[in-house]
Amino acid sequence: MKITAAITGVGSYVPDYVLTNQELEKLVDTTDEWITTRTGIKERRILKGENQGTSVMAIKAVEQLLAKTGTRAEDIDLLICATTTPDLVFPATANIISAAVGTTKAFSYDVQAACSGFLFSLATGAQFIQSGIYKKVVVVGADKMSSIIDYTDRANCIIFGDGAGAVLLEPNTEGYGLLDQVLRSDGRGEQHLHQKAGGSRRPPTAETVANREHYVYQEGATVFKFAVTNMADVAAQVMERNHLTKEDVAWLVPHQANKRIIDATANRMGVGPEKVMLNIQRYGNTTNGTIPLCLADYEQQLHKGDNLVLAAFGGGFTWGSIYLKWAYDPKPDPQQA
C-alpha cells in the first residue's frame, strides 16, 4: 500500500515575556492602532536572558511533542530544524536540540529558507517516511527573531517575535498525511529582504556592527506585493490540482507575516475567516515557528480527515503550499479538564 507521511503530534513553546504594541510606542514613533491596522499584531513574545538561543525554545517544543505522543527520544530517526536564527554558525541547531532531548540514534540538520523553511523541511522529512527508510521524523520550526531585529527601526520591530513549534511525522497507509506540495524560490528577491552582514560575504567587523548591518533589512512594499501574489497563487494551485473546493478545505494554515497577506490568500482560495488559523495577534511573525504554532494552538479543533492547506512566503524569495489530510482526532487537553 502507498505510504504517506502523517503528522501524528504537535508541540510548541513561546517565551514568557510579552512585548505589547503599547511598549513599542515607547521605543519608536508608532501607535497601537497603526500596528494593528497594518499587520493585525497586538503583541509578540521575546526570549530574554544571556546565552538563550533558538535551541532553548526548540528543545522545549520537541520535549512537549515527545511527551504528548508518548514517543521515546531514542526512537526518532531524523530531526530537522528550520531556522533563520541558528544558535551558532556551526554546529547545526538541530544537533544541539538532539543532544539535549536525547535523540541519540537520529541524524539531524538545519534548513534555512527564511519563513518558508518549515514547509520545505516538512516536505523533506516526508520523503524519508514515504520512501520507507524511516518511521519517525521530527520537524521543528524555531526562531529568535529578536536577535536580528533593530528596535529603532519601526518598520521591522513591530512585526517579529520569538517562538517554536514541532511536529512528528510517521508512516500512514490510510490516505492521511502530506498529499501534495508546491514549493518555489526566486533568488532575485534577495535585494528586497536580507541581512546585509554576518555571513561569509561580509563577515562581522566593527564597521558592520556600527552600521547596524546585522539586522533584518526589508523593502516592505515590494515584499508585501510579492507575498500577496505568490502565497495566494500556490495555495490556489494546490487546491486546483487536487480538485478541492472551498467547502472541502477545513483549514487554511498560513504563515503569520501580516494579516492582510493572510486575508488575500484566504480570499483567493474562497474560504471564510472561520476556516483560517490565526494567532498573529498574539505572537507576531515568528518566521519558522508560525505554522507549527498554529497547528499547536488549533490542535483541539482539528479532526481526523480534515483537509488542511498550509501556505508560506519568505525572504529569498521562497514560498510554497502543502496539502495534507489530518490524521488524528484531538485528545482531551489536560489544561482544560
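Visitor: In which loop does F317 lie?

Guide: In this predicted model, F317 belongs to the loop that runs between β12 (307-314) and β13 (318-325).

Visitor: What kind of peptide bond joins G316 and F317?

Guide: As a general idea, most peptide bonds are trans. The bond joining G316 and F317 is cis, with omega about -15°. A cis bond also leads from F90 to P91, where omega is near 5°, and P91 sits in the loop between β4 (78-82) and α4 (93-101).

Visitor: How should I read the phi of N51, and is this residue buried or exposed?

Guide: Most residues other than glycine have a negative phi. N51 is not a glycine, yet its phi is positive at about 55°, and its place is the loop between β3 (43-46) and α3 (54-69). Because its relative accessibility is 78%, and exposed means over 50%, N51 counts as exposed.

Visitor: Where is T287 found, and is it buried or exposed?

Guide: T287, which has a positive phi of about 60° although it is not a glycine, is found in the loop between α10 (280-283) and α11 (290-297). Its relative accessibility is 3%, and since buried means under 20%, T287 counts as buried.

Visitor: How many helices and strands does the protein chain have, and how compact is it?

Guide: The protein chain has 11 helices and 13 strands. Its radius of gyration is 19 Å, close to the 20 Å that the globule rule gives for 337 residues, so the chain is as compact as a globular protein of that length. Buried residues make up 53% of the 337 residues.

Definitions and conventions: Residues numbered from 1 in each chain as written. Predicted model: local features only at pLDDT ≥ 70, side-chain atom pairs only at ≥ 80, totals over all residues. Heavy atoms only, no water. Helix = DSSP H or I, 4+ residues; strand = E, 2+ residues; numbered from the N terminus. Rg over C-alpha atoms; globule rule 2.2 N^0.38 Å. Buried < 20%, exposed > 50% of the residue type's maximum accessible area, 1.4 Å probe, protein only.
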